[in-house]
Structure formats: C-alpha cells, structure tokens
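Here are some notes for a first look at this structure.

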Amino acid sequence: SPAGVNLLRDSPVDHKHHHGLMFAVAVDGVNFWEEVPASGSQTPTGPVKQERISADGTAWELLRQHLRWQNPQGAVMLEEERTLAVTRTGQPTATLLCWQSLLRVPEGKTSVQLTGSPYFGLGMRFVASRDTGGRFFNAQGRTSVEGTHNARSAWCAYTAKAEGKPVTVAVFDWPKNPRHPATWFTMDRGFAYMSATLNLQKEPFTIRADQPVLLRYGVAVWDGEVEPEIVEKCYRSWSALDRPK
C-alpha cells in the first residue's frame, strides 16, 4: 500500500505454490499452477530488466522478463514476454501496478490450448490477517463472495485488515483482453483469495501461432476502506492510460 503495508503472502504452508500475485494456466494439458513433479514451470531465459520511464506524464518503474513455459521434460509449451510497471496515482493515493503478458506459440507449433480450474488466471493470496472479516465488491455493485464469485465484471475489489490496518485492493481487467469482462474467482472460506480468469474451465482458449495474445491487468492498492466510486474512477483512468510498453 502507499503507507507500506504488505497485503500478500508468499508460499504459505497450506499452498506452497501460492506466490503473492501470480499468473498461470494449463497449456495443452500441462498444469503450470501447482508445483509438483507433473507440473510445468515458467523458466526465465535471462535476468529481469529494470528501467524507469514516463508515460502520460507519470513516472513508472518497469520490470521486463522473457519466460519459457516448459513441461516436466523440458519442452517449451508457451513463450511469454512479461512486463510489470508500478507507480503511485490518484486521490486518495493508490499504488498502481500494471501486469502485461504477451503470450506466443513456441516455434514448431501451430497453436496451443489454454485450460484450467476455475481459479486459474491472475490470482492473489493474502496475508493471514486478511482471511477473515473482509468485504468483496465489484463494478456491478455486487458484494460478498456470493455476489462476486463466478461473476463477470470489469473489476473486483477486496477490503480487509493487514497488520491491523484496513487496506483495499482492486484488480482491473483491460477492456481489450479476451473475454472481457473477466470472470472472477473469489473465496473467503479457509483463506481469502481473488483471481481474474478467462473462464477456462468452461471455455478453453486457443492461441494461434500467427496471433499472439496480449493480456493486461491493473492492480490498485489503497490504505483504508475505499468505496466503489473511487475504485471505478481509478479503473477508468487506468483503462485510458497510454501505459508503458
């Protein structure tokens, strides 16, 4: 958060493969979500490239990396160019992260098929203190897990306490993403979780070699309890950004 409150949890004992903010799906039947011998892995081909740029008069910190999604035998299933851009924006101030994944079919294949469980996508695992007493809400005015789970919406948000302080986080679905608005997975039993998905369990998605797929998501974090009007304003501003590329 802008005040420095951490709201994400990395590799908890109950789900070692949960890494804070994370993106994975299944590719041609290979599961890249869990971390077990039968799962695939996202393998960097080089170091993270870091730079500072300005876009729309806003200063951004950028991290860029090329990833090969490999099956347990080492064969490349998917190529990804990933860019993360972070800034501070708005009133009240939010920490804003833009996540971009350019997905390409690897050489030698004509297409790949993405599938997955209902929670496969851009997911978020929270610190333990946020597992209870929180509130989900979305762009359609729906609240609670019952209202937001498996619902389609341009954004979804969650307010709960971290380190004893209320923090609100929202995930934005880019209007040009496939299957916009996203289908959301939300839960608060056992632990709290939120994920923007392509609804792959019900509708597998095919990427062709001549048509790479660009996915963009925004993640905004505010200190305190933020109302839907503030989230919507931030979403609209983010959607209109000439975002860093």
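1. A charge sits over a ring if NZ of Lys or CZ of Arg is within 6 Å of the ring centre and within 35 degrees of the ring normal. Keep in mind that this is a predicted model. Arg 125 meets the rule: its charged end sits over the ring of Phe 191, 3.8 Å from the centre. Arg 130 does the like with Phe 126, at 4.9 Å from the ring centre.

2. Phe 191 also belongs to an aromatic cluster.

3. Stacked would need planes under 30 degrees apart, and edge-to-face over 60.

4. Where does that pair lie? Tyr 235 and Trp 238 are in helix 2, residues 228–240. They are three residues apart there, so about one helical turn separates them. Are they buried or exposed? Tyr 235 is buried, at 8% relative accessible area. Trp 238 is buried too, at 1%.

5. Now the cysteines. Searching the whole structure gives zero disulfides. For Cys 156, the nearest cysteine sulfur is that of Cys 234, 15 Å away. Cys 234 is in no disulfide either; its nearest cysteine sulfur, that of Cys 98, is 9.3 Å away. Cys 156 is buried, with 0% relative accessible area. Cys 234 counts as buried at 12%.

Key. Residues are numbered from 1 along each chain as its sequence is written. This is a predicted model: local features need pLDDT of at least 70, side-chain atom pairs count only at pLDDT 80 or more; totals for chains, interfaces and linings use all residues. Side-chain values use heavy atoms; hydrogens and water are left out. Helices (H or I, at least four residues) and strands (E, at least two) are DSSP runs, numbered from the N terminus. Buried means under 20% relative accessible area, exposed over 50%, partly exposed in between (1.4 Å probe, protein chains only). Rings of Phe, Tyr and Trp (its six-membered ring) pair if their centres lie within 6.5 Å; planes under 30 degrees apart count as stacked, over 60 as edge-to-face and the rest as tilted. A disulfide is a pair of cysteine sulfur atoms within 2.5 Å.
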